[in-house]
Amino acid sequence: MKLADGFFLQSCREVAKEYPLIEFDDMIVDNCCMQLASRPQQFDVLVMGNLYGNIISNLGAGLVGGAGVVPGVNMGEDLVLFEPGARHRGHELAGKNAANPAGMLLTAADMLRHLRLTEHADQIENGVLGLLRESQFHTPDIGGVARTSDFVDELKVRLEWI
C-alpha cells in the first residue's frame, strides 16, 4: 500500500502544480476522518483512491443520517457511475420492506440531472427531501417505523408524472 499510496500522492502533487489557484493539501485517512467529523467546512473537494473513498464515504453517510439517505456519483473522464453513496448498505434488509429508499432515489435524481432532465430530477429530489422532513415516513435506520413501500407510495402520490 505504501508504494501505491505514494504514487497516488505524487501524481496528485504533479497535477496540483498545473492549477496554482486551487489549494492542495494531503493528510492521512485517520486524520481526515477526524477532521471531517469535527470541522467538515474546511473541505471543498476530497480526492482519494477507492479504499480510502469507501472509508470516507461511509463516515460521511454516518454523519448525515446513515447509508440509506446518501446518494453517490463517481465521475471519470468518459464515464459516470451512479450508486448509493455508502457501501455495505444493509443486505440483511433485502426482501423485508425495511430499507430506506431515499439514497437510491436521490442517486436517480442525480443521474437525471446529469442527463439534463432537470425538471424530473428536481421533482424527485424535492419529493424525497420533503418526505425526510416528515417523521411518519422515516424508516427504521433513521429512527422511524415506516416501511420502504410507505415511503415510495407517498412519493408517487406527490409526483404528478408517475
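Predicted model: local features only at pLDDT ≥ 70, side-chain atom pairs only at ≥ 80, totals over all residues.
Biologist: Why are H4 and H5 called roughly antiparallel?

Modeller: Helix H4 (residues 102-114) and helix H5 (residues 118-132) pack at an angle of about 160 degrees. Angles over 145 degrees count as roughly antiparallel, and H4 and H5 are therefore given that name. Their axes lie 7 Å apart, and the crossing is left-handed.

Biologist: Which residues in H4 meet H5?

Modeller: Ala102, Leu105, Leu106, Ala109, Asp110, Leu112 and Arg113 in H4 do. Their partners in H5 include Ala121, Ile124, Val128 and Leu132. By class, this contact of H4 with H5 has 10 nonpolar, 2 polar and 4 charged residues.

Biologist: What makes a set of residues a nonpolar core?

Modeller: The residues must be buried, of the nonpolar kinds that count, and joined through side-chain atoms within 4.5 Å. The largest such core here has 16 residues. Ala102, Ile124, Val128, Leu131, Phe151 and Leu155 have the most contacts inside it. H4, H5 and helix H6 (148-158) each supply at least two of its residues. A second, separate core of 5 residues includes Cys32, Cys33, Leu36 and Phe43.

Biologist: What does alanine 102 touch, leaving out residues up to four places away in sequence?

Modeller: Alanine 102 touches Gly68, Val69, Val128, Leu132 and Phe151.

Biologist: Why is threonine 107 called buried?

Modeller: Its relative accessible area is 2%, and buried means under 20%, so threonine 107 qualifies. Threonine 107 sits in helix H4. Apart from residues up to four places away in sequence, threonine 107 touches Pro71, Gly72, Phe82, Glu83 and Pro84.

Conventions:
Residues numbered from 1 in each chain as written. Heavy atoms only, no water. Axes fitted to C-alpha atoms, helices over the stretch in contact; angles between N-to-C directions. Helix = DSSP H or I, 4+ residues; strand = E, 2+ residues; numbered from the N terminus. Parallel < 35°, antiparallel > 145°, perpendicular 65-115°, else oblique. Left-handed = near helix turned anticlockwise from the far one by under 90°. Contact = heavy atoms within 4.5 Å. Nonpolar A, V, L, I, M, F, W, Y, C, P; charged D, E, K, R; others polar. Buried < 20%, exposed > 50% of the residue type's maximum accessible area, 1.4 Å probe, protein only.
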